[in-house]
Amino acid sequence: MIPAHRGPLVRTVASGVLVAIAVITSMHALTLVIDPGPWLTAGTTGVVLVSATSCLVRYLLLRAAVDRAAARRAAGQGLSADRAADRASGNASFVATAAGVLVACWFVLARYGGPGQRFEPFVGPDSLDQVIERFRQATETMSTQVAPVGPGEAISMVAVGGTLLVLLVVDSLAGARMPGFAGVPLLLLWTPPLTLIGEVPWQVFVISVTAMLLLLTVDPVGVTPGRHSEADSAAVRRAQRFRSWITAATAAAVAAASLGVATGMAALPALAGTWSQLISTPSDTVELSSTLDMRQPLGARSQGTVLTYTLAGDEPAGPLRVMTLTAFDGVQTHRSVPDGGLAEFDSSTVLAPAGEGGIGERRRMDIQIGQLTGAELPLPLEPRTVDVSGEWAYDVDRDEVRGPGGTERGATYGVEIIDRELTPDVLRAAPMSGDPRSSGYTSVPETAHQAEIAEYARRIAGDAPTRFDAAVALQNHLRSGSGFVYNPDADYQDSSDTVWDFLQNKEGYCTQYALSMMVMARSLDIPARIGIGWLPGRPDGNGSYRVTGQDSHAWPEIYFPSVGWVRFEPTPQVQTGPLPSYANPGIGSAPSASPTSPQGNEVPTQRPTQNPEQSNPAATAGGSSGNGVSDQTLPGWAWVVAVIIALGVLGGAAWLLLRRRDEVEVLDPERAWSRVLALLAEQDVRLGPSVTLRRAPAFIADEVRARTGTPLPDDVAERLTALADAAEEERYARSSTPPSAEELEELTTAITTDLTQALTSKP
């Protein structure tokens, strides 16, 4: 319990801290529908800045109001002082909220109004335009994607902006002395996970509800700032502590009971998923597109399970390819690849392009289709045999298995993988010349910077002794050298030569990385194409691997005579995990970083279109990061500025505290009566909770008689009665005219002196 007479500083800080805790905790409920990422850091930073600003402004205004009210009471204007304090309290809440709105708007514009993921403190019209465009992208994502979605800049901006909006509403209600309603806006942050997933994390519920219940004890409704409704007697303090414990225990009991009910409902099949079934619709299937567009920032991807598989051995089989692409016009890929025709096959036919052949061990893979839909069958990259039912045929040039009916949910098929035992030595030994049977694998788009791109590629890999060394040099240059940064929001819509602009700006996602490496390889007369499919996924704990929409990915493949098509991985490892073992020999223009486990996979996917040729290109091959996107939201200098601001706020608060300690206390009847009670407590005389102000003088007189054997002098009893009457009027009268501060000081000094003499005199 934080009573009103503790002053505006304690109450304002306590209220602000509780509100910030509740909002930050509720923000984490959104992690069920938006993958964790840098937006959590940005949201927490924004909440702290806005809350600190609001608290500081509110305190300064309330402190001034309290001082003015005390001065008026000292002048005998008690009623007008209370009314003025009430008006000042309302004004303080409005002005503090307005200041918070300004800081919140600046933070959103500075964090999301700049290019890429950079924090730009100086905002302008361009920042507003960028925020509006990202809001448009976010609305499109929210209307077309299945939760959870990736933490792209557009979705992150909406999450952070919505969190700050909820903070402003909650803070304004708490500042306006309506804490009972302050918790309602938090439901706005709980609604998305409740409606789409059907739950909120129990930690979010417990901490948020506890903070809101404790907020009820900070500033009781109806207490006017500057007025003092409770005394600092030991009995009152015990009651306050008791109410605090009751409040905390009630919060814990309510949280535990609610969690128990929720758990019980979830355990009943008839009630499980009620929220999501009532409000949301089942998720759609996921489909990859054959159109990659280098100009577009990355859209979101689905968390839905596209397929699961079991595999002999401890290691996954690498990516599962759906299709290969060759035609590229400098902006988009196209399906106009030479078609070698479709051939029938059976479970004993080794499916591989001409010249490829497995010589190593064979491993069995059993695949089950989930939400994936499409005309192509996901397959490992190595030569393989496929045991599948239905009408399927093999395209030897595209290395694809296609069927008129496409994939169906629940369908299963078996694959036997034949390892080619690829090593750097094997690939170095491949001839420098030799192309696939089909044409088009070395053609480059005719753009304004075609010659510059070719020269760029020659500088990186032109002197490589073998085709393999050249491929590794190109891969390592993009993956871990020369300042390239993974950025799913890279926007090249105004570009006339996307590959060249990507090589200059050095920001992009897997679409830019893969297509740029393909174009540079072709500029060196090395046949290259693009593979589209799924990264290996993650173990599901039941002996299988689970591949979701977040694992969709695009990569370049290089052709080696006598070996076949070989995958390389130029996209940064934080998105794709370790390099293939054969592609990490420690050579090239920049050595690859050591392999690590994937922290977030590529390519968000979308709900399918009727024609995959026309589906959103962002759904095909660029990937928003999942948990592994590195937090580049605030550069070093911005953190320095944030620390300086935080130190300034803390220094200002410390200065205010010291200044408050040095302020001369303006005595009023409540404080005067508290002095008398403190003196009595020192003499071991305590008024019980049932002793009212009206009965207090008689009770004190009886204690003096019992202690000393002599009655309390009449003049002392009269002074006690006068002070008790003044305190009673201060507490309960609609209007009162208390004694002046000087009169109270004189009266209190006389009472405490006389009581000390009376209680210490020997009987």
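This is a predicted model: local features need pLDDT of at least 70, side-chain atom pairs count only at pLDDT 80 or more; totals for chains, interfaces and linings use all residues.
Visitor: How many helices and strands does the protein chain have, and what makes a stretch count as one?

Guide: The protein chain has 22 helices and 18 strands.

Visitor: What makes G410 "partly exposed"?

Guide: Residues under 20% relative accessible area are buried, those over 50% are exposed, and those in between are partly exposed (1.4 Å probe, protein chains only). G410 has 38%, so G410 is partly exposed. You will find G410 in the loop between β10 (400-402) and β11 (412-418). As for the protein chain, 51% of its 763 residues count as buried.

Visitor: Which residues is G410 in contact with, and what does "contact" mean?

Guide: Contact means heavy atoms within 4.5 Å. Leaving aside neighbours within four places in sequence, G410 is in contact with Q368 and I369. L307 is 103 residues from G410 in sequence, yet their C-alpha atoms are 8.9 Å apart in space.

Visitor: Why are α19 and α21 called oblique?

Guide: Two packed helices are described by the angle between their axes and the distance between the axes. The axes are lines fitted to C-alpha atoms, for helices over the stretch in contact, with angles from 0 to 180 degrees between N-to-C directions. Helix α19 (residues 669-682) and helix α21 (residues 714-732) have axes that come within 8 Å and cross at roughly 135 degrees. Angles under 35 degrees count as roughly parallel, over 145 as roughly antiparallel, 65 to 115 as roughly perpendicular, and the rest as oblique. The pair α19 and α21 is therefore oblique.

Visitor: Which residues of α19 and α21 meet?

Guide: Among them are P669, W673 and V676 in α19, and L720, L723 and R731 in α21.

Visitor: How do you know that β14 and β17 pair?

Guide: Two strands pair if DSSP finds at least two bridges between them. Strand β14 (residues 528-534) and strand β17 (residues 552-560) have seven bridges, so they pair, in the antiparallel sense. For instance, W534 has S552 in β17 as its bridge partner. Helix α15 (residues 510-523) packs on the sheet, touching β14 and β17, and its direction makes about 155 degrees with that of β14.

Visitor: What is the order of the five strands in the open sheet, and what makes some of them edge strands?

Guide: The order is β7-β2-β14-β17-β18, with antiparallel pairing. The edge strands, β7 (379-380) and β18 (564-567), each pair on one side only.

Visitor: What about the open sheet of three strands?

Guide: That sheet has the order β5-β9-β10, again with antiparallel pairing. Strand β5 is joined to strand β9 (residues 393-395) by two bridges, so the pair meets the cut-off of at least two. L342 stands opposite D395 in β9.

Visitor: Which residue has a positive phi in the hairpin of β15 and β16?

Guide: That is G541, with phi near 85 degrees, in a hairpin that has five residues between the strands. In β16, Y545 is the bridge partner of P539 and also of Y309.

Conventions:
Residues are numbered from 1 along each chain as its sequence is written. Side-chain values use heavy atoms; hydrogens and water are left out. Helices (H or I, at least four residues) and strands (E, at least two) are DSSP runs, numbered from the N terminus.
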